[in-house]
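This report walks through one protein model. Please keep the sequence and the structure in view while reading.

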Amino acid sequence: MGLAQAQRLHLAAQGLLHVPQARARQADVVDTITRMRLLQIDSIHVVARSPYLVLHSRLGNYQPQWLDDALSEGRLAECWAHEACFVPAADLPLHQAWRRQRSMHWAHKHAERMHSEHREGMDGLLARIREHGAARAADFEGERGGAGGWWSWKPAKRWLEAWFALGELMVTRRERFQRVYDLADRVLARLDPPLDRELLQLDHAGLRRRFILDTVRALGVTQARWIADYHRLRPAVTDRELAPLVDGGELLLVQVADWSVPAYVHRDHAELLAQATQGKLRGTHTALLSPFDPVVWDRARARALFGFEYTIECYLPAPKRRYGYYVLPILHRGQLVGRLDAKAHRGEGVFEIKALFLEPEVEATPRLLADLAAAIRASAHWHGTPQVRLGRSRPAGVSAALRALLRGA
């Protein structure tokens, strides 16, 4: 299989190969997350927060409230997975069982240390939620209690997150993206579907096997070395570990041109693999991706699969940034062709693109420019910022061509 077809197989598995064929429905939110297995959470809102943007790139014009509703109605849950993530309710017992067996995770270690150092305060916070119900960190702001005055916003926020990592609290809903915490038992009681207790009994080997298979299905095609990162498995997954899954027919062993190591495809994607092998997969979709999209969060995978060097630069000091603060990769018909530094000025109704960069080898063809203008326009309207302000570009002439296309829409 050629590299281009491997790229398209990956995008097909992620729901990013083709333009959405129908208007998005509320059920599509959970279905899309189920397809990816998880949806990473990040709170930066220079444009739409990452989880909403990941869904928009796959669903098109959908209602962001649908994600919030799915969480509050128990069809999704929050837990530690790749990082803090939304996961389908049906998968939550897997993550709960894994949490109990992975005390090496940094969030769990940090939470245990915090409880040992702040036992009185953390236990008191938990007792309050048990008695008075769900709460946000902001609900404790300005309170004082006891001789030590242990209620204050900053420790309360840290303690809530620690209890979340330890599994005593869960997120029951979000209000303006702020977490609302409640006792885990009360959140679990309204899961849809209900918690599968049999999955909680899986041993370490069984859970690891399940996460490996789910990851290969979500990635479409993958090398062994990319698998562990998706669910933060330790130790790394090896070809030797995957051999029994190949022998059992659950994974298909394939060779991708120019890769010196084998690749793996889940048997559920056998038909997609056949199309890819015959060169029949075609990309039709152009979209702006989140910096935390599964397609790009593993830098080594993005480089090997797409030849795309990507760093999330918002965490770098300004002088060290090459492209900008919140840079969105540009997906165009099966390839990552560039990136743009965006900001949504919601009060002004302006979607600002501070800078746009095409990859050096990418030609700014009329079709690419038309598709990119349409993707920018769609994203701007979905953000509620229909006026597009476009700054510099590389190549320099791209900005002027895009402005003309946007004006003519």
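Leaving aside its neighbours within four places in sequence, which residues is P64 in contact with? P64 is in contact with Y52 and W382, where contact means heavy atoms within 4.5 Å. The C-alpha atoms of P64 and W382 lie 9.6 Å apart in space, although 318 residues apart in sequence. P64 sits in the loop between α3 (50–59) and α4 (65–72). Its relative accessibility is 31%, so P64 counts as partly exposed. The classes are buried (under 20% relative accessible area), exposed (over 50%) and partly exposed in between, with a 1.4 Å probe and protein chains only. Helices (H or I, at least four residues) and strands (E, at least two) are DSSP runs, numbered from the N terminus.

**Basis and confidence**

This is a predicted model: local features need pLDDT of at least 70, side-chain atom pairs count only at pLDDT 80 or more, and totals for chains, interfaces and linings use all residues. Residues are numbered from 1 along each chain as its sequence is written, and side-chain values use heavy atoms, with hydrogens and water left out. pLDDT is the predictor's confidence in each residue, from 0 to 100. The protein averages a pLDDT of 94, and 96% of the residues score at least 70. Over residues 143–153, pLDDT stays under 50. The model has 22 contacts beyond four places in sequence for residues 143–153. Where pLDDT is low, the predicted coordinates should not be read in detail.

**Helices**

Two helices can be checked against their expected span, which is 1.5 Å times one less than the number of residues.

| Helix | Residues | Number of residues | End-to-end C-alpha distance | Expected span |
|---|---|---|---|---|
| α1 | 3–14 | twelve residues | 17 Å | 16 Å |

Helix α1 is mostly covered, with ten of its twelve residues buried. Among them are R8, L9, H10 and L11. Just after α1, G15 takes a positive phi of about 80 degrees. In α16, the buried residues include L368, L372, A375, I376, S379 and W382. G384 follows α16, and its phi is positive, near 75 degrees.

Helices α6 (residues 106–117) and α7 (residues 119–132) pack against each other through M114, H115, S116 and E117 in α6, which meet R119, M122 and D123 in α7. Their axes come within 5 Å and cross at roughly 105 degrees. Axes are lines fitted to C-alpha atoms, for helices over the stretch in contact, and angles run from 0 to 180 degrees between N-to-C directions. α6 and α7 are therefore roughly perpendicular, a class that covers 65 to 115 degrees; under 35 is roughly parallel, over 145 roughly antiparallel and the rest oblique.

Three strands form an open antiparallel sheet in the order β1-β3-β2. β1 (39–40) and β2 (76–80) stand at the edges, each with a single partner strand, so one side of each has no neighbour in the sheet. Two strands pair if DSSP finds at least two bridges between them. β1 and β3 (residues 84–88) are joined by two bridges. Q40 has C85 in β3 as its bridge partner. Helix α2 packs on this sheet and touches β1, β2 and β3. The direction of α2 makes about 110 degrees with that of β3.

D28 belongs to α2 (residues 27–36). Is D28 buried or exposed? D28 has a relative accessible area of 15%, so it is buried. Not counting residues up to four places away in sequence, D28 touches R23 and L59.

**The five-stranded sheet**

Five strands form an open sheet of mixed pairing, in the order β8-β9-β10-β11-β12. β8 (286–288) and β12 (387–394) are at the edges, each with a single partner strand, so one side of each is left without a neighbour in the sheet. The twist averages 25 degrees from one strand to the next. β11 (residues 350–358) and β12 pair in the parallel sense over seven bridges. E352 stands opposite R389 in β12.

**The β6–β7 pair**

Strands β6 (residues 251–254) and β7 run antiparallel and are joined by four bridges. L251 stands opposite H266 in β7. Both faces of β7 (residues 263–266) are covered. A263 and V265 are buried on one side, Y264 and H266 on the other.
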